[in-house]
Each structure stands twice: as structure tokens, then as C-alpha cells.
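Here is a short tour of one protein model.

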Amino acid sequence: MRFAPSPTGALHVGAVRTALFNWLAARGTGGTFVLRIEDTDQERYVPGSEAQIVESLQWLGLEWDEGPEVGGPHQPYVQSLRAELYREHAERLAASGGAYWCTCTAERLEAMRREQQRLHQPTRYDRRCLVRQEEVAAERAAGVPGVLRLRMPEGRSEWVDLVRGPIGFDNADIDDQVLLKSDGLPTYHLAHVVDDHLMEMTHILRSEEWIPSTPKHLATFAAFGWEPPVYAHLPIVLGDDGRKLSKRRGARDVLEYRDLVYLPAAMVNAMALLGWSSGTTEEVFTVDELVERFSLERVNPASAIFDPKRLDDLQGRQVRHLSADELAAVLEPWLPDLDAPDRQRLVPLLQERIVTLADAQRLVEPLLDYVPWPADLEFPPKKVDTEAAVALLDAATEAVEAGGLDDVEELRRRLTTLLEARGVKARDGFRVLYIAMYGSTVGLPVFDAMAFLGPERIAERLRHARARLRP
């Protein structure tokens, strides 16, 4: 199996989903996963994107067996470093008659296409140069630039797709694809066929967008006398707006999700469900479980929709899937001011309340440092009069300093009774404590947070809040 991206920018979810399915198929069958950089289209090359591709796959844990940085028996794995190899194979095709040279100018080709469009005919090369190869050879010898075109055979191209079943095209409807450009560089259609054969690829998993090009690729394999690989064309990935995910339309790249503090396991889990299902109602899987269960038989050919809300749901469920020790370790970069025991004490409070790891930082920050109250904060909050707020803060301060945090449930009951005696519901009255703790009416469970901070810091915050009310 191979993943062969073009370095035209960072990888978005749709592209990496293809990498993931190849990786899962390879790992699940004992195969080899190869990373190959297909940079023959130099006009679209984006500097630095090869490094982003490598970084994206490494973050997700999709390590490759052969490819850049790890090497392998078929190196180099960057197509621009294999140009001479492609030229040799192009000449071999030309000599065998499987391809032919063409010296038609861009102006002639454009005029030909316009005439075909006027006549409502398919736009494809008219094979003018096929019957004048001696003249073409003389023109090329005189310095006229030329391209090498595949000679599509007569008949039909048919194959059994592992996702879609039997597929076929009439070859008469397929253009004679350019294989080698006038600058001597190969097109994708030549380079990937040569590489897939020489790198011993037995199965190709790629996007359904390549289905119309598959007859050209099968014809190229046949022209070389090579056995073609087995194809599986995966469903395209759409955004929640129903349009194809695209960098041009603002789709986030994978590293942006890393920077937004999603777990790699959540990203892998979400991408695995883009076109594949386990056949059960289960949706949360570890990577090992995905390797064990993945099969192409359960890939649906219908388009898959990437829903960020579903990712958030899976992220939260993956967080809750972690053990306390695992989550405490994962949170270390986001809670650097806390030692391991303190992070573990907070895990029960955080695990059910966070989606991204940055949420933990946001929730814990008010515990560690006093946060100034917003100027427009209403205090006492609605449904709590000043006298009830004063009584609550005084009682809470007294209880905390007398060891009340040793039994926070008893403290909660005592303060609930105090509020109810004054006609205030506990859920309303306790917002006074939230404001005293966080400068906000929301945050981690206030009594658990008080127990974490300890009596001295809690009493200080309670007195600060009490000072804002009349004596």
C-alpha cells in the first residue's frame, strides 16, 4: 500500500483519510506502507509542504515502512529525483509502439478543442501525429519541442474495484494522455505507473476522482507488459456544507487540528469513520482496534461527510476513554504549573467536561491564579439578595477555616440548608461561590475545586468577594 501526496500544500482531512485507509489495510494484512512524494507538477509545488506532510503523518502515528526519512529498497521516494528513470521508460514505450511523439503546437491543440466543442464532440487529441511519426522524428531532431502520448488501445478497459465492483470504459472515449512533457518531465500518469510497478505495489487505494483516469493507467501497465495492481477507489470526503473538502475552500489542514489540541487518536477515529463502518453501533475505537477490524468490504462507496461536531464528540469520548494516569500525562503540557499528583487529582473534575485539551487549561487557570472580575459582572447574581450572599460567604469562610473542606458533602448540605432557610434555591445561591472562586458563574464544580485549593486560598477568595458587599 502507498500514500503518494503531491507537495502542493498542507494535508486536509480528505487526503489524510486516504493515507489512513492505506495504512490500516497494510497493517491489518501484514503488508508494507510506503510514503512517496509525487512532485512532478513543479508549477503547483509549495515550498515546505513536504515537511508538513511528514509532520502530519507522524503526529497521527501513521509511520511508514518505506519512504522519505526511513529509506527502503526502492529509493529515492521523491519523484523529482527519479526523472531519468521515467525518461528511460518513456523511450521504451515509444520504441514498442505503446506511445508516440507529438509536436502539435498549443495553438493547434486549442483550435482543435474549440472546433470539437462547436460540433458538440468530446474534446480529445485527434491523433494527427500518430500517422506522421517519421515527420515528427525529423521535427524533434530539428529542435521542435514534443510530448509523448499514450496510445490508447481499441476495445474496453475493465476492472473489478474492491469498493465499487465491476467498472468499465470504452477506450474510444479515452484521450491519448500526455506521459512525458516537452521539458522532459513525466506527468503523473507515467510516473506513478512506473513507480507502482517498481515499488511492487499490489493494491492501490485512492480517491474516486481517479476512476476516469484508471483506463489510461491500465493501458500504460499493459503497454509495458506489466501486471496492474488491484484498485479500490474510496469515496470523496465532503464538508458539512455538502461540498468537497478543499484547501481552496478553507478546509483546515491536519496540523491545525493538532494546534487546536485534538488528540491524534480522536482524529484517526473520526477519519476512519469517513466511509468505513465496523458493522456495529460502536464508534469509538483505539488504533489497534481499527487495525484489527478494518476491511475494504465495509467501505461504503457513497460520499462521506466530515462533520466537525462529530469530531468534537469523538474527541470528548476519546478523552473519557483514557485512564486517569493517561489523561494526567497528556495534560502535562497544558497544565505545566501542576505536578503529577495535582493533575491526577483534577482528572475526575476535567474528564467529563473537556473536549480539547486546551479546555482543561481554560478551566484550571482560574484555580491557579486570581482572575479579576469583569467590570459588568452582576454581584450578587440574580435571584440572590445581598443579605443572603453575605450570610453564605460568612458561613462558608467560617466553615472552611474550621476544617469544613475535610467533608465537602457535609459543607454543601450545611450551606444548602442556610440558603433554603432564606428562601434561596441552592443552584442560585451557589453562583455566589462560583463568582468568589472564578470571577464567573461557571467553572469546575465549586466544592471539589475548593477542596483542591485548600482553606487558606479559599478563605482569601471568599473574603475578597465578601468585601464587595455591604457590611
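Which residue in S4 is the bridge partner of Tyr100? The partner is Arg149. This is a predicted model.

**The sheet**

Strands S3, S4 and S7 form an open sheet, in the order S3-S4-S7, with antiparallel pairing. Strand S3 (99-102) and strand S7 (178-180) stand at the edges. Each has a single partner strand, so one side of each is left without a neighbour in the sheet. From one strand to the next, the twist averages 45 degrees. S3 and strand S4 (residues 147-150) run antiparallel and are joined by four bridges.

**Aromatic rings**

The structure holds 13 aromatic pairs. Two of them are listed here.

| Pair | Type | Centre to centre | Angle between planes |
|---|---|---|---|
| Phe21 and Phe294 | tilted | 5.0 Å | 55 degrees |
| Phe430 and Phe447 | edge-to-face | 5.1 Å | 80 degrees |

Phe21 lies in helix H1 (residues 13-29). Phe294 lies in the loop between helix H10 (287-293) and strand S11 (304-305), so the pair ties together parts that are 273 residues apart in sequence. Both Phe21 and Phe294 are buried. Phe21 and Phe294 also belong to one aromatic cluster with Trp276 and Phe285.

Phe430 is in helix H17 (residues 426-438), and Phe447 is in helix H18 (residues 446-453). They are 17 residues apart. Phe430 counts as buried because its relative accessibility is 10%, under the 20% cut-off. Phe447, at 2%, counts as buried too.

**Charges over rings**

The charged end of Arg140 sits over the ring of Trp101, 3.6 Å from its centre. Arg252 lies over the face of Tyr257, at 5.8 Å from the ring centre.

Conventions:
Residues numbered from 1 in each chain as written. Predicted model: local features only at pLDDT ≥ 70, side-chain atom pairs only at ≥ 80, totals over all residues. Heavy atoms only, no water. Pairing = 2+ DSSP bridges. Helix = DSSP H or I, 4+ residues; strand = E, 2+ residues; numbered from the N terminus. Axes fitted to C-alpha atoms, helices over the stretch in contact; angles between N-to-C directions. Phe/Tyr/Trp six-rings, centres within 6.5 Å; stacked < 30°, edge-to-face > 60°. Buried < 20%, exposed > 50% of the residue type's maximum accessible area, 1.4 Å probe, protein only. Lys NZ or Arg CZ within 6 Å of the ring centre and 35° of its normal.
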